Structures are given as C-alpha cells and as structure tokens.
Amino acid sequence: MKRFFQSLLAKYMFLILLALFIVQISYLIIALFVFGISKNGEDPIQMQDMLVESEIEGKWHQEANALQNVTSESIQQHFDNWKQQHPKASMFWVDGQGTLANQEDVMEQLPAKWSSAYTAKFIKEHYGGDPFTVIAFVGQEESNGFVVLEMPRSEFDPPLAHIYDRYGIIFVFGIVFIIFLFIFVSFLFFRSIRKRLLHLQEAMEIRDVDGLPIEIAVKKKDEIGQLEKTFNQMVCELRESKQREQQEEQLRRELIANLSHDLRTPLTKVRAQTYSIAKESLSEDGQKAIKSLEASVVNIDRLMENLMSYTLLMASKYKFESQEMDVIRYIRESLALWYPVFEKEGFEVEVHLVPFEQNKWEVDPIWLGSIVDNLLQNVLRHAKKGGYICVTTESTNLYDAIVILDRGNGMKNASNEAGAGIGLSIVDMMVKGMKLDWDIESGEKGTTIKIKKYK
C-alpha cells in the first residue's frame with residue numbers, strides 16, 4: 001500500500017478527484033474564511049436566525065390585538081419596538097376614522113384619508129408582493145383602525161445569502177484563485193515528470209570515455225524512479241560486459257603476438273635449411289618440393305605479418321602518418337616491384353595509369369603500400385586461373401579511383417589458396433582510416449576493386 005501511494009498513479013488519481021470537486025472545495029474554503037471574518041472581524045455580519053413569514057405575520061397580529069390604550073403614543077411605542085428588531089421594516093397606522101395617524105420609515109406616498117375602496121385596493125396590490133405586507137386590527141375593536149407592517153422580501157433570505165451579497169466578490173476571486181492554483185500545481189506535477197524523462201533521455205545520449213551511457217541519480221521511488229534504477233542496472237551490466245570484452249581482446253592480442261613471435265624463430269630456421277637443401281644436387285621432384293616449401297614459408301610469413309597488422313589496427317596502435325604524395329607515381333613504383341612476380345606466374349599484365357586532375361592524395365605511404373600489396377597478393381593467390389591483371393585509373397564527377405581487375409573465378413567461388421580473409425579486413429580498415437572509400441564487384445568472369453577518393 002505504501003508503494004502505491006508513492007507511485008505516479010496515486011498522484012494522478014488524486015489530481016483527477018481534486019479536479020472533479022475543485023469548485024465545491026473552493027466554495028467551502030472561501031465560506032469558512034468568510035465566516036471567520038464575520039465572527040472575528042472588525043465589521044461583523046449579524047448572524048441571526050432565519051425569519052419566517054408566518055411567524056412574523058402571527059406575531060404582528062398578536063401584538064397589535066394586545067394593545068389596550070390605543071393612542072398615538074402607544075402606537076409609536078409599538079412601532080419603535082419592532083424597529084429595533086427589524087431595522088428595515090416600515091409601519092403606519094390608519095385610525096378608525098380613516099386618517100393616517102402614525103407612520104415609520106414609509107417610503108411610498110400614502111393618502112391622509114383612507115376610504116374603503118382605497119383600503120381594498122391597497123390590500124390587493126400588496127398581498128403576496130414585495131415588500132412583505134401584514135395588516136392587523138388594533139386592540140379588540142375594529143373601530144381602532146389597523147396597523148400595517150412592510151418588510152423587504154430579502155429579509156427572509158438565509159443568512160448565507162446576506163453574507164454572499166456582502167462578500168460575493170471574495171467568493172468569486174477566491175474560487176478563481178484556487179482553480180488557478182490547482183492548474184499551477186498540476187502544471188508543476190507534469191513538468192516535473194517531463195523534466196525527469198528528459199533528464200533520463202539526456203543520460204542515455206551522453207557517453208563516457210568507454211562509449212557507454214552514464215548512470216543517473218535515483219531520487220524518488222515511483223515508476224520513473226524504477227525506470228532510472230533499471231537503467232542504472234543496464235549501464236552496470238554494459239560496463240561489466242565492456243570490461244570482459246576488453247580483457248578478452250587483450251588476451252587475443254597477446255596470444256597473436258606471442259604466436260607470431262614464437263613461430264618466426266622456427267620459420268627462419270626452416271627457410272635457412274630450405275636454402276641449404278636447394279644448393280644440393282636434387283632430382284627434378286626434389287627441386288619442385290623445395291620450391292613448394294619456399295612458397296609455403298613465404299605465405300606463412302606474410303600471414304603472420306597480416307595477423308600482427310590486423311591486431312595493431314584493431315587496437316588503434318598501428319602508427320599512421322599522413323602526408324601529401326603523388327599517388328600515380330607511387331602505384332607505378334609498387335607495380336614495378338610486383339611485375340616480375342606476375343610474369344613468373346604467367347600473368348598478362350596491363351597498366352593504364354592516366355593522371356588525375358589532382359594526383360596529390362593525403363595518405364600514409366606505408367598504409368597505401370600495404371593496401372596495394374594485399375590486393376595484388378589476393379589476385380596472385382585467387383585469380384591465377386584467369387592469368388590476367390589490369391591496373392588502371394577512373395575519374396568521374398564524384399571521385400578519382402585506382403582500379404585493379406582480374407579474370408579469375410570470383411571471390412564467391414572456391415580457391416585452393418583460400419584463407420581467413422585477414423588481408424581484405426586490413427585493406428578495409430586502412431582505406432577508411434585514410435578517409436578513402438572502396439568497393440568490390442566480383443563474379444564468375446573476374447573481380448574489380450576500386451580505391452576511391454571523393455572530390
């Protein structure tokens with residue numbers, strides 16, 4: 001139950017119930033405030049019992065009939081007593097001869113002589129109207145005339161109506177103030193929810209040095225607080241996972257580095273022994289075996305070199321030194337070193353390097369050399385069946401490109417020299433590291449690779 005009252009649902013339901021009864025609650029609060037003023041203020045309202053017309057009428061008849069010595073003085077005394085009790089009342093006496101003898105606070109113009117016809121007309125016009133009018137005979141005999149009592153109908157309203165007449169403006173402004181106060185409190189409530197949600201969104205977007213979201217302070221135990229708590233748990237799990245990943249990556253790099261180092265020593269011995277054996281007198285089959293062994297040693301050495309390069313690139317520790325250089329000239333020099341290799345393997349080599357409008361590229365010579373070596377080595381290993389390689393240039397409105405194409409079976413077909421694809425992974429990371437782009441189109445009739453520099 002305590003958890004429910006701490007929830008946003010409970011607060012929202014409270015606001016709904018308060019909205020349904022806000023006017024009634026406002027009226028009650030203002031009424032209590034006004035009653036407090038009327039009882040304790042400097043200008044109190046006389047809180048009296050509610051007047052009843054029948055009681056006033058009966059009392060007027062009773063006291064008028066009880067008068068004994070009917071004189072102008074006794075009638076005036078009777079009027080004064082009623083005036084003290086009912087200050088807004090007006091009274092007058094018409095004696096037995098039809099003469100208007102006494103009057104008290106009468107506002108209307110009355111005739112000095114009252115005939116039977118005028119008396120009947122007066123009774124007809126004032127019966128049941130406003131002001132409330134009561135006519136009673138004086139004493140026990142009708143010859144003493146009659147007395148008339150007139151009171152405003154508002155005198156018979158409830159006391160609360162009199163208070164509202166006097167303090168109505170307080171009621172209106174008080175209710176309006178409470179309604180606006182309710183709207184303001186509701187605004188603060190929903191603004192607080194929105195602010196907390198935006199704060200949570202910002203925490204999701206901000207990243208620390210490891211690229212992970214930051215934890216957020218949990219201040220309340222409602223639904224948003226539970227969401228913040230769950231978010232913090234997720235961040236902790238991500239951080240633990242990141243740490244495990246970094247540890248595994250470190251172990252993997254160390255393993256590759258140790259394997260590369262440990263394999264280079266026996267590989268060097270194998271290469272030395274192969275060289276020594278090749279100098280001996282061998283049969284034709286022996287010479288072929290030695291050449292095959294030398295090729296395998298070269299491939300293993302290059303694979304270890306690629307492993308080291310890939311590991312350093314993944315760890316962002318491969319040294320990158322960018323400089324402006326003539327890319328066409330650099331490609332020509334690289335191809336000159338590879339030409340004897342392709343010629344030995346029986347490849348048809350074509351080179352069509354047309355200068356660009358801007359031959360100067362901002363690249364790392366070592367990285368670009370590694371890219372070219374890996375791509376040419378890939379052609380040598382996997383496109384030997386086609387026996388063809390072409391290196392050319394391509395210029396469009398969008399980019400300049402170095403293009404390497406062959407007539408092999410394509411990358412999707414099986415190859416006797418198939419490897420783990422580390423060389424192409426190295427090419428991808430180095431190309432993107434130098435802010436260049438590349439794409440591959442491969443099919444059964446060959447493969448085309450473009451290294452692009454956008455203008």
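Me: In which helix does Leu 17 lie?

Reply: Helices are DSSP runs of H or I with at least four residues, strands are runs of E with at least two, and both are numbered from the N terminus. Leu 17 lies in helix H2. This is a predicted model, where local features need pLDDT of at least 70, side-chain atom pairs count only at pLDDT 80 or more, and totals for chains, interfaces and linings use all residues. Residues are numbered from 1 along each chain as its sequence is written, and side-chain values use heavy atoms, with hydrogens and water left out.

Me: Is Thr 393 buried or exposed?

Reply: Buried means under 20% relative accessible area, exposed over 50%, and partly exposed in between, with a 1.4 Å probe and protein chains only. Thr 393, found in strand S8 (residues 388-395), is buried because its relative accessible area is 14%.

Me: Which residues does Thr 393 touch?

Reply: Contact means heavy atoms within 4.5 Å. Not counting residues up to four places away in sequence, Thr 393 touches Ile 328, His 352, Leu 353, Val 354, Phe 356, Ala 401 and Ile 402. A polar atom of the Thr 393 side chain also lies 3.0 Å from the backbone nitrogen of Val 354.

Conventions. Polar contact = N/O pair within 3.5 Å; in protein donor to acceptor, adjacent residues only side chain to side chain.
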